[in-house]
Amino acid sequence: MKKSGQKIARVDEKPVLELRGISKSFGQMNVVDDVSLDVWPGEFVSLLGPSGCGKTTTLRMIAGFIAPDEGRVILGGKDITEVPSYRRDVGMLFQSYALFPHMTVRGNVGFGPRMRRETSSVIADKVRWALSLVKLEGYEDRRPNELSGGQQQRVAIARVLAGGASMLLLDEAFSNLDAKLRGRMQEEVRELQLRLGIATVLVTHDQEEALAMSDRIVIMNGGKVEQIGTPKRVYSSPSSLFVADFMGRCNRIEGTLHHDDRAKAWYLDCGPSGKIKLETIPHPAAREGEQCQVFARPEHLSLTQSAKDHEGDGLRGRIERLVYLGSRSVAYVTLEGDVPFQVQLPNKPGLSDEFSVDGPVVVVPLPGAVTPLPK
Ligand code: ATP
């Protein structure tokens, strides 16, 4: 998928959207708690988190369907907190598409400009332009029930685009589609979004969707923002255990910090299983003997066959289970000291089965794989 990479704000650029400390409670429940976020021109931002973490409520406060109890919503430099939803310059794409069933594709796509009483030639131009963007020319006279799921979603996108909004809001927009079509629509929407340069906020609970589509991801938990960062940053440098666990498979181990003065390096002494080198110090004031927890992704680890008395860098253990998954295998290892670890092994052609169940192994992290977790 074509991507713009990290969005870097120019000095003279202003955010399209600013959320300033917005909060919302339903009864006793604090659903969104002091959320602040800037979305920059052309940027694609995903709100990601488990069910009930408050992401849809946040999106609905941007759209104006729900009023925040506290905080401000600023769009294009204007405070729109009190502005009703139909006067906000945002286009929202719902999971259910929300097309008008009795209207044709033309009628659906031209709905916004018609409501604004634009001239019929302007409406026709906007409908033609929007349908060409989503590659649905020739479908103008069909009704929604005469279209596939993917085509209905394209019509919904065209309707938002013809409405001329300065910002796009997508509410779990791909979750109704089967896996293959979902991937295709994600690519199409991202390419269209990049081409039009329209700032977009997507709500999703799907980590891969957020990683594949976004310039930045906002990870939410219990109504609060846990971390905001590029896909690479939130995946490889999570700011909390929650983010590390939520973003993917995650091995964790605790140990004692040890500084090797001769090697000028920090190590984590993990007791019976061995020690691993740390390339990042847990914090600037780290000291000898301090307890520390680290994490490493299964795909950032390698395995070697071991002699029982392995002395070098790495964690000794035994393979409990090997699962073949086509392009890769996963080795479920129990480290000495009874710590479970997963290691992903790429399956390359021509390689014989190198490892076997019950075999003694050493788990060796690839450079940069081990990340200290904040306490
Ligand atoms: P999901 O992925 O399941 O949609 P979400 O992160 O989008 O979850 P929200 O829809 O924002 O979560 O809901 C957050 C919490 O607020 C949930 O516990 C939900 O039940 C509650 N909630 C949402 N809307 C209302 C409402 N109108 N009245 C009362 N409670 C609500």
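Tutor: Two strands pair if DSSP finds at least two bridges between them. The model is predicted, so local features need pLDDT of at least 70 and side-chain atom pairs 80 or more, while totals for chains, interfaces and linings use all residues. Residues are numbered from 1 along each chain as its sequence is written, and side-chain values use heavy atoms, leaving out hydrogens and water.

Student: Which residue in E4 is the bridge partner of Leu 17?

Tutor: Strand E1 covers residues 17-26 and strand E4 covers 70-75, and the two run antiparallel, joined by 5 bridges. Leu 17's bridge partner in E4 is Leu 75.

Student: Which strands are at the edges of that open sheet?

Tutor: Follow the order of the 4 strands, E2-E1-E4-E5, which pair in antiparallel fashion. An edge strand pairs on one side only, and that picks out E2 and E5 (78-79).

Student: Now the ligand: which side chain has an N or O atom 2.5 Å from one of its oxygens?

Tutor: Start with the residues around the ligand, among them Phe 26, Lys 55 and Glu 172; being near takes a heavy atom within 4 Å. A polar contact is a pair of N or O atoms within 3.5 Å, and a ligand oxygen makes one at 3.0 Å with a polar backbone atom of Gly 54. The side chain of Thr 57 has an N or O atom 2.6 Å from a ligand oxygen. The 2.5 Å distance goes to the side chain of Thr 56.

Student: Which element gives the most to the shell around the ligand?

Tutor: A ligand oxygen lies 2.6 Å from a side-chain N or O of Thr 57, and two elements give two or more residues to the shell: strand E2 (29-39) and helix H1 (55-63). With 3 residues, the top contributor is H1.

Student: How many residues of that shell are charged?

Tutor: Asp, Glu, Lys and Arg count as charged, Ala, Val, Leu, Ile, Met, Phe, Trp, Tyr, Cys and Pro as nonpolar, and the others as polar. The shell has 5 nonpolar residues and 5 polar ones, and the charged ones number 2.

Student: Which element gives the largest share of the lining of the largest pocket?

Tutor: On a 1 Å grid, a pocket is an open set of points with protein on both sides within 12 Å along at least five of seven lines, a cavity is one where a 1.4 Å probe fits but cannot get out, and lining residues have an atom within 4 Å of a point. The largest pocket has 24 lining residues, with Ser 85, Tyr 86, Arg 88, Val 90 and Gly 91 nearest its centre. Strand E6 (90-93), helix H3 (111-115) and helix H5 (149-162) each give two or more of the lining residues. The largest share, 4 residues, belongs to E6.

Student: And how many nonpolar residues line the largest cavity?

Tutor: Its lining includes Asn 251, Arg 252, Phe 295 and Leu 315, and strands E11 (251-260) and E14 (291-296) each supply at least two of the residues. Besides 1 polar and 1 charged residue, the nonpolar count is 10.

Definitions and conventions: Polar contact = N/O pair within 3.5 Å; in protein donor to acceptor, adjacent residues only side chain to side chain.
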